[in-house]
Amino acid sequence: MTAKLIKGTEIREQILDEIAAEVEEIKAKHGVVPGLVTILVGENPASISYVTLKIKTAHRLGFKEVQDNQSDDIPEADLLALIDKYNNDDSINGILVQLPLPKHIDDKKVLNAIDPDKDVDGFHPVNVGRLMIGGDEVKFPPCTPAGIQEMIIRSGTETKGAEVVVVGRSNIVGKPIANMMLQKGMGANSTVTIVHTGTKDLKAHCLRADILIVAAGVPGLVKPEWIKSGACVIDVGVNRVGEKVSEKTGKKIAILKGDVDFDAAKEIAGAITPVPGGVGPMTITMLMKNTLKSLKFKLGLM
Ligand code: NAD
């Protein structure tokens with residue numbers, strides 16, 4: 001069997017077109033557009049390139065985009081005051097603080113200072129709690145898990161009653177996607193198992209999965225013989241395993257590998273996400289969707 005490829009790059013385009021159309025409609029009817037502020041502290045190159053992509057995407061969608069760059073010696077109290085300013089700014093619907101922050105700043109304190117109704121990353125404990133309750137309580141599902149669920153839905157994979165096995169129990173991927181897949185509703189209603197470094201027989205659990213979601217950060221962890229024939233495999237792992245020269249730009253770029261042995265797995269799975277070009281492009285896409293949702297909540301449209 002050669003698995004169907006679930007391409008994040010294609011699904012991203014569909015969702016961004018849907019968001020852009022909604023932004024146009026809201027602008028015409030209500031005279032406002034979603035406002036997103038990205039606070040970047042310091043000059044971490046990976047953060048800069050991630051933030052640059054966010055800005056580009058927000059501009060493409062017609063959002064109001066505010067880029068607030070701060071030097072890496074900003075006192076914690078000043079950063080908290082800055083967040084307070086945006087919490088009280090009516091034109092801002094989403095506040096994003098790019099991590100990692102410098103060592104003298106307490107990440108938790110900063111993320112918890114964001115108004116939960118503008119926490120489009122979905123990391124505030126209030127939003128984590130809302131996600132756990134499920135249903136109408138959910139405001140902002142965290143972006144990577146939301147992207148994973150969207151890919152599963154748009155690939156036409158049946159989730160109701162499906163055995164879902166999630167490899168990894170992180171707060172940003174493993175735990176939230178497991179929670180989302182067990183809720184009632186579309187793209188969920190599954191029977192979910194989480195496996196992790198404390199699990200005794202990873203292979204036995206993975207082999208039961210109709211939908212296998214892997215977020216371990218270990219290149220090639222999941223072997224083809226761990227995959228049930230016809231399963232839907234979502235590989236969240238992004239592992240830098242070397243460098244190569246880009247044919248397009250002539251510059252050195254990272255060689256990325258997923259957590260699944262892709263070449264062999266695609267002969268067994270029914271559907272599979274590639275790395276790169278799979279889950280990766282979905283995170284910023286879902287951040288934009290959450291920012292639009294935030295404005296819709298404010299306007300009483302949701
Ligand atoms: P993490 O390190 O916080 O968590 C990894 C989890 O995997 C842990 O819970 C650990 O118990 C489990 N794990 C690790 N090795 C294991 C093993 N050998 N057997 C069983 N379980 C094991 O990582 P994370 O933040 O959840 O990210 C996981 C991967 O997903 C990384 O490669 C990361 O780069 C990638 N990621 C991609 C995106 C995206 O594409 N947008 C977003 C977030 C994370």
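At roughly what angle do the axes of helix α1 and helix α10 cross?

## Helices α1 and α10

In this predicted model, the axes of helix α1 (residues 8-30) and helix α10 (residues 282-298) cross at roughly 20 degrees and come within 10 Å. Because angles under 35 degrees count as roughly parallel, α1 and α10 are therefore roughly parallel to each other, and α1 passes α10 in a left-handed crossing.

On the α1 side, the contact is made by Gly8, Ile11, Arg12, Ile15, Leu16, Ile19, Glu22, Val23 and Ile26, while α10 contributes Met282, Thr285, Met286, Met288, Lys289, Leu292, Leu295 and Lys296. By class, the residues of this contact of α1 with α10 divide into 11 nonpolar, two polar and four charged.

## Helices α6 and α7

The axes of helix α6 (residues 143-154) and helix α7 (residues 174-182) come within 9 Å and cross at roughly 45 degrees, which makes α6 oblique to α7. The crossing of these two helices, α6 and α7, is right-handed.

Here Pro145, Ala146, Ile148, Gln149 and Ile152 of α6 meet Pro176, Ile177, Met180 and Met181 of α7, and the contact of α6 with α7 comprises eight nonpolar residues, one polar residue and no charged residues.

## Surroundings of the ligand

The ligand is surrounded by 21 residues, of which the closest are Arg169, Ser170, Val236, Val238 and Thr283.

Terms used:
Residues are numbered from 1 along each chain as its sequence is written. This is a predicted model: local features need pLDDT of at least 70, side-chain atom pairs count only at pLDDT 80 or more; totals for chains, interfaces and linings use all residues. Side-chain values use heavy atoms; hydrogens and water are left out. Axes are lines fitted to C-alpha atoms, for helices over the stretch in contact, and angles run from 0 to 180 degrees between N-to-C directions. Helices (H or I, at least four residues) and strands (E, at least two) are DSSP runs, numbered from the N terminus. Angles under 35 degrees count as roughly parallel, over 145 as roughly antiparallel, 65 to 115 as roughly perpendicular and the rest as oblique. A crossing is left-handed if the near helix is turned anticlockwise from the far one by less than a right angle, and right-handed if clockwise. Contact means heavy atoms within 4.5 Å. Ala, Val, Leu, Ile, Met, Phe, Trp, Tyr, Cys and Pro count as nonpolar, Asp, Glu, Lys and Arg as charged, and the others, Gly among them, as polar. A residue is near a molecule or strand if one of its heavy atoms lies within 4 Å of it.
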